[in-house]
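Welcome! Let's take a first look at how the parts of this structure meet.

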Amino acid sequence: MTGEASTPLLKVENLLVAFGRAKAVDGISFDVAPGEMLGLVGESGCGKSTTALALMRLIRDAEIGGTAHLNGVELLGLDEAAMRARRGADIAMIFQDPGTALHPMIRVGDQIVEALTAHLNISHREARKRAIDLLRKVGIAAPEERFAVYPHEMSGGMCQRVVIAMAMACAPRLLLADEPTTALDVTVQAQILELLQGLVREEGMGVILITHDLGVVAGMTDRVAVMYAGAIVEMAATEELFARPLHPYTHGLLRSIPQLDSGWDEPVPTIPGSVQGAELQAGCRFAPRCAKASEVCRTPPALREIGENHFVSCWNTP
Amino acid sequence: MTQMLIEAKGLARHYRISRHRILHALDGVDLGVARGATLGLVGESGSGKSTLGRTLVGLQKPSLGQVLFEGKDTAAPEPSFMARLRRERQIIFQDPSGALNPRMTIGATVVEHLRVQGWSRADAQSQAAAAIEQAGLATTFLSRYPHEISGGQRQRAVIARAISTDPAFIVADEPVSALDVSIRAQIMNLLHQLQRERGLTMLFISHDLSVVAHMCSDVAVMHLGRIVERAPRAALFKTPRHPYTGALLSAIPIPDPARERQRMRIILKGEVPNPANKPSGCSFHTRCPRATELCRSVDPPLRPIGTEHQIACHHPLE
């Protein structure tokens, strides 16, 4: 499944988020089809979370540019009241740390009820019934009893299930999942990913899965966009990207993951240097760390298509 | 029998969390690390990995049991042995930002570390310079503050401090977990190189089994305060015998879409048990696909199955 000809659910064009001089997101464009899961990967500070927060309109005190159409509605131009009506209803977000995404002093069931009654014109009794159904759907045993517990009485995995239930409450068309399993143990991560995959298939919503874990991306997503210092440097179907990484950064990133079952005694290949200060770099931002860098890299490369639906922004890629 | 540099014997650590409840962070651990070896310690959060590491370097006192260094009990050492223990046992923490004083330069931090061990100022300064270079940083970094350098460089500074006293044994507690993929490989290679050049003995704590595969010759798996499996790396990864190890390995996402999508994954059902309220019998029985009545009542001891392979399980995998 790639971004086929059907109208995209979400179409982002030239999204820019600048905090003063630092452009955290520097004019990125991508789209998400209905039912598609797009992986957004990159290291800390590359702008993946900022992109999600900008789409949710949760960033203040920043210069925001570009457009983001969700089902034809331009999100970035909406006034706060109109955005508030969309948030949770059409576009929802799951955060990394379930411990801080839930209100510590409100029972978890009531937090889901609040999400429901904010958008749907239903009675409290009906909302309560639906919240219990949602808890059951995300795999919480004895949901009637768990409705009344506080977040601190639940494990991290359970809290993340509640956060997912809240995000799914109004059946949004687009789900932004920002490192949804990073704070969890691998055994719990496997449970949560399986749950997410099942729900997404069932509901047919579009998903942007933000993660730094390329293993998670490999198993979950249809397409991947790789970000570096605020820009998308490569974008392709998941299998294509892993089989034929074209950008030197993607290539380095894939090589630098230690393999579970091979090459144990060889040094792990590294990408020299660090990303620090890259957003202020003129030209290609990866150039200072790139083995292929040359004179031409002083001019910023644009994202161009060089294979079917395979986009890369690098001068030195054939 | 090889000489163990450091050894835990019947090690237990209890925390009283209320009048009637005791949390058994360590519940009878027997574990030795031979001189020059790197033992990996894996397990979910709350399994007692960090408590074991901290107890082995003497940052915490055991409630029961002994820590032996070169065969000698470390509980009430002679002053000269105490001084040696402080020098010979060092620890590297997960979060390098939290492990460095933000108001001290890197140089001052390392020098202070040596001064409290009785080094003269001049000797401490030259030793700090040597250590920082061995950790792969230029000596100009000695005059920098933690906030002025990147996360990877901060972790190098923490490593420089640990190796500055020329220790025999280092506990590395999730030393690369807070770092980005491309930086993680750099730090792994540095630790590998130091280990080889100095003949260091290391306990490498990590929740990431791929990292452990690359760093360690032996691996021990912890579950709720006990060691449930220990084996040389190849045996543990290729033929795990404890069902918990099998589940951990199967839960790790592999960064290869073709393989990841075809894998049979064991997804554990249920919740990680609360360490303050451990299940009876084998602490893994609540989630174990092979559990029987025996597992619910009798806690299996750690027993040898082959020359270097140990497990604590009634119904091991074939």
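Some questions and answers on this predicted model follow.

Q: Which helix of chain A supplies the largest share of the side that touches chain B?
A: In this model, 38 residues of chain A are in contact with 38 residues of chain B. On the chain A side, helices H8 (186–203), H9 (214–220), H10 (238–243) and H11 (248–255) each supply at least two residues. The largest share, seven residues, comes from H8(A).

Q: How many nonpolar residues does the side of chain A that touches chain B have?
A: Sorted by class, this side has six charged and 15 polar residues. Its nonpolar residues number 17.

Q: Are H5(B) and H6(B) roughly parallel or roughly antiparallel?
A: Helix H5 (residues 151–164) and helix H6 (residues 181–198) of chain B have axes that come within 10 Å and cross at roughly 15°. Angles under 35 degrees count as roughly parallel. Therefore H5(B) and H6(B) are roughly parallel.

Q: What is the handedness of the crossing of H5(B) and H6(B)?
A: Residues of H5(B), including B:Ile159 and B:Ile163, meet residues of H6(B), among them B:Leu190 and B:Leu194. H5(B) passes H6(B) in a crossing that is right-handed.

Q: How is H4(A) oriented relative to H5(A)?
A: Helix H4 (residues 108–119) and helix H5 (residues 124–137) of chain A pack with their axes 9 Å apart, at an angle of about 120°. Because of that angle, H4(A) lies relative to H5(A) in an orientation that is oblique.

Note on methods
Residues are numbered from 1 along each chain as its sequence is written. Chains are lettered from A and ligands numbered from 1 in the order in which they are written. This is a predicted model: local features need pLDDT of at least 70, side-chain atom pairs count only at pLDDT 80 or more; totals for chains, interfaces and linings use all residues. Two residues are in contact if their C-beta atoms, placed from the backbone, lie within 7 Å. Helices (H or I, at least four residues) and strands (E, at least two) are DSSP runs, numbered from the N terminus. Ala, Val, Leu, Ile, Met, Phe, Trp, Tyr, Cys and Pro count as nonpolar, Asp, Glu, Lys and Arg as charged, and the others, Gly among them, as polar. Axes are lines fitted to C-alpha atoms, for helices over the stretch in contact, and angles run from 0 to 180 degrees between N-to-C directions. Angles under 35 degrees count as roughly parallel, over 145 as roughly antiparallel, 65 to 115 as roughly perpendicular and the rest as oblique. A crossing is left-handed if the near helix is turned anticlockwise from the far one by less than a right angle, and right-handed if clockwise.
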